Amino acid sequence: MISDLLRIEGLRVYYYTRDGVVMAVDNVDLFMKKGETIGLVGESGSGKSTLGRAILRLVPPPGRIISGKIVFDGLNLTELSEEEMRKIRGKRISMVFQDPMTSLDPLMKIGDHIVETIMAHETLTREEAEEKAIKLLEQVGIRSERFMDYPHQFSGGMRQRVGIALALALNPDLVIADEPTSSLDVIVQFQILDLMKELKNLYGMGMILITHDISIIPGIADKVALMYAGQLVEFADAKSFFNEPLHPYGKALLESIPNIQHSDQKLKYIPGNPPDLINPPKGCRFSPRCPYATEKCREEEPPTIMVGRHRLVKCFQY
Amino acid sequence: MANLTAPKMITSMLSKISPRRGVEGLFIIVGLAIILTFIFMAIFAPVLAPYDPNKTRVGGLYESPNPKFPMGTDRLGRDILSRIIWGSRTVLIVTFLSMALSSACGVTLGLISGYVGGKFDTALSLFMDSLYAFPGLILAIALAVMLGQGIMPVTVSLTVVYVPIYFRMIRSEVLSMKESLFVEAARAIGAKGRTLIFKYIFPNVIPSIPIVLSLNAADAVLTLAALSFLGLGLPAHIPDWGFDLRMGYGALTAKIWWPGTFPGLMIVLLTLGFSLFGEGLAEILNPKLSGR
């Protein structure tokens, strides 16, 4: 357990809105080893982005981390001062954002973005930082003559490459990629995912890949963490998850991926809507949509059970 | 806003400034021409002015405009043209100085207040709003009475009047900018607060400053004229349009029109210059303002 890069225990992040308290992340446990990639999957509003941001302590107000521990390489991030946390951001844990169109400063040159990142943490001269930035850009496939260009001169895919270069600028131990490909078209999506895979092998950092698109997980993630309504419902290595998902939500999700080999089949979907996180359903939060739900599921919250050696599932069936 | 970037903006601005681009391009050119003429006058006042502006009896008393005194002389026999030329120096010094000071103070405070937020922001905003609640002229009069006469006191009282305008504008922009993804992204790479404010947020709020600057300059010219019209602004030895207007106004009943008309005309012209320039700039930089 000591070799864990990141260990999240009992994390709760609530948003205090006017309509009530939104329990966006509710009692989540998660652990990852150095160099591992976790695919954090869930539908919109399941708390996956909030969880990602909570690791960097960047939950936007009115959100707050209520309780729980985020232990990163032996440091409890929830107890650090703002200045200590700033030193970790970008340097040891960094983030790739969903929308590369708006996550770059429109008035800052591409190269300066990276130079600023480097200079925020390292005492280099500007020339050294620029040299490093050029190398980084070339690594993500951007020619050095575009160093002085502005973000609007780049396409979405190119900007996301810049976003990746920014996240990798200081060789962090952990990269949180929040839907890095969701705003790109399919072909560019695969280019970006390939690039991320390639760079991950090169740098050996750990990665949390947040996505609502479960189909991009195989091939890039070692583990899958499945979130539903603010809770982690299944945590398993990717292979076993795709072979045999344990949680009914995971099963339903995999069944709803279109399969071109059986085009005569009707596309399956999960009936109902994700629950309201201000008043979540009693008992298991998936029970109103679960085909296997029993009376007990509707009354009591299921415990998180260890199945096999490394799989966790939050369901009464096991 | 996020998609409007500096290089794009400048090129589109330049392409729009040509007179063919219609009325707002014309506004800018005419406004700029007026402002530059006055600046030229102010700089070369010692060369351009035919007489010493304070020297009495260079001609007769109340001489009507004639080839020797194109704008006539006033009740002390001073040359009105020379007083107007030297007066442009006074008005431009006060206007530009107070604009520089008020924008520097207002923008900096707005940036910090908007970024820091919390109680500091609430307190500062409340203070600025209470300043803003006063009509500008009333506030300027009160301050000028308190601070006394002279270029600096007048400049300071005008500065105080305009600081809240910059503060409010910049603060509101920072509030929305603070939530934008690129600021969050900068925070996620561990940028310091100071870096965030001055390297990421500040460049993005700059485009809204020149418009307000120019429109405020127009207002400042009027306020300064009003102060010296009331005898509150500048001591008598500094030539000033507002003061001359007051003096000329007294002679109007005797059908002596020139001592009041020319200073008044200058005030109108310079105000018009700044307004035209500001409006034209607003049209071009910010299409949303065009309804104003």
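This is a predicted model: local features need pLDDT of at least 70, side-chain atom pairs count only at pLDDT 80 or more; totals for chains, interfaces and linings use all residues.
Helices (H or I, at least four residues) and strands (E, at least two) are DSSP runs, counted from the N terminus.

Figure 1. The elements of chain B follow the order α-α-α-α-α-α-α-α-α-α-α-α from the N terminus.

**Figure 2. Burial and contacts within chain B.** Of the 292 residues in chain B, 43% are buried. Where contacts in chain B link residues at least 6 apart in sequence, 68% of these contacts are between residues at least 24 apart.

**Figure 3. The side of chain B that touches chain A.** Here 22 residues of chain B are in contact with 24 residues of chain A. Two or more residues of this side come from each of helix 1 (6-17), helix 8 (181-188) and helix 9 (193-205) of chain B. The most is given by helix 8 of chain B, which provides six residues. Sorted by class, this side of chain B comprises 11 nonpolar, six polar and five charged residues.

**Figure 4. Strand 1 and strand 2 of chain A.** Strand 1 (residues 4-17) and strand 2 (residues 20-33) of chain A run antiparallel and are joined by 11 bridges. Tyr14(A) has Met23(A), in strand 2 of chain A, as its bridge partner.

**Figure 5. Strand 1 and strand 4 of chain A.** Eight bridges pair strand 1 of chain A with strand 4 (residues 63-72) of chain A in the antiparallel sense. In strand 4 of chain A, Ile65(A) is the bridge partner of Val13(A).

Conventions. Residues are numbered from 1 along each chain as its sequence is written. Chains are lettered from A and ligands numbered from 1 in the order in which they are written. Two residues are in contact if their C-beta atoms, placed from the backbone, lie within 7 Å. Ala, Val, Leu, Ile, Met, Phe, Trp, Tyr, Cys and Pro count as nonpolar, Asp, Glu, Lys and Arg as charged, and the others, Gly among them, as polar. Two strands pair if DSSP finds at least two bridges between them. A residue is buried if 20 or more other C-beta atoms lie within 10 Å of its own, exposed if 12 or fewer, and partly exposed in between; C-beta atoms are placed from the backbone.
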